[in-house]
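Good morning, colleagues. Please look at the structure as I speak.

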Amino acid sequence: MKGIKALAIDDEAIVLESIRKVLGAEGMDISTTMDGREGIQLAVERPFNIVMTDIRMPDVDGLTVLWEIKQVKPTIPVLIITGFATISSAVQAMKLGAINYLEKPFTPEELVRAVVSAIETSTSTIQEEQTLIHTKEVLKVLKKGASDSAFAGRVFEAGVEALSDYNLTRNEKLAIITGDVNWIEDQIGIIGLDRKNWLIEGKKKLKG
């Protein structure tokens, strides 16, 4: 494990301290932060071999952390840390590109095993294209979300399951679920205020 550089992002200091001690004892170089936005910046700027992030944080949620890091470094493994109440969200994150999830509270052995497995698995993972491919399908989702509040709510509650009827890539689904209006408009142009608003509102609920 020597030479491995890892970043842990969590709003609980005790979790970060545990990760630092356990993985540090294995010879890994550990960086930590309690700030999701800072975590994204660190992950993008520094050469980490793996990123670990909590799914529920007050500033930036784990799905947004996953999305923004993957946009810049699509091959880096992102391991989701989750409490029992958010396991379903962690499973959603895996469907959207996370390498795996680790449930709190975890033992030292579980942490080491999860990190080693994530790094080994990432070397053989095929990454999807980061650009938008199915423009018409994305527009269908945006139009339905703007006119159907029940559907819009399901997108942010059920995640990928709510989008199962649409031919979308993992990255397109993640952009919609995390409400990344800027990325979507960069790909297909201005989407309209009504379509933009439900994405923005959904992003607020995701942080919730």
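Let us start with valine 155. Leaving aside residues up to four places away in sequence, Val155 touches Ala162, Leu163, Ile176, Ile177 and Trp198. Please bear in mind that this is a predicted model.

Val155 belongs to the largest nonpolar core, which has 44 residues. Val155, Ile176, Ile184, Trp198 and Leu199 are the residues with the most contacts inside that core. Which helix gives the most to this core? It is helix H3, residues 62-72, which supplies five residues. Apart from this core lies another, of 23 residues, and its members include Ile4, Ala6, Ile30 and Ile50.

I turn now to the sheet. Five strands form an open sheet with parallel pairing, and their order is S2-S1-S3-S4-S5. Which strands stand at the edges? They are S2, residues 29-33, and S5, residues 100-103. Each of these two has a single partner strand, so one side of each is left without a neighbour in the sheet. From one strand to the next, the twist averages 20°.

As one example of the pairing, consider strand S3, residues 50-54, and strand S4, residues 78-82. These two pair in the parallel sense over four bridges. Within that pairing, valine 51 has valine 78 of S4 as its bridge partner.

Helix H4 spans residues 87-95, and its buried residues are Ile87, Ala90, Gln92 and Ala93. What covers these buried residues? The cover includes H3, S4, S5 and helix H7, residues 149-158. After H4 comes glycine 97, with a positive phi near 125°.

Finally, helix H9, residues 181-188. Its buried residues are Val181, Trp183, Ile184 and Glu185. Ile184 brings us back to the largest core, where Ile184 is among the residues with the most contacts. H9 is followed by glycine 189, whose phi is also positive, near 90°.

Thank you for your attention.

Definitions and conventions:
Residues are numbered from 1 along each chain as its sequence is written. This is a predicted model: local features need pLDDT of at least 70, side-chain atom pairs count only at pLDDT 80 or more; totals for chains, interfaces and linings use all residues. Side-chain values use heavy atoms; hydrogens and water are left out. A nonpolar core is a set of buried Ala, Val, Leu, Ile, Met, Phe, Trp, Tyr and Cys residues joined through side-chain atoms within 4.5 Å. Buried means under 20% relative accessible area, exposed over 50%, partly exposed in between (1.4 Å probe, protein chains only). Contact means heavy atoms within 4.5 Å. Two strands pair if DSSP finds at least two bridges between them. Axes are lines fitted to C-alpha atoms, for helices over the stretch in contact, and angles run from 0 to 180 degrees between N-to-C directions.
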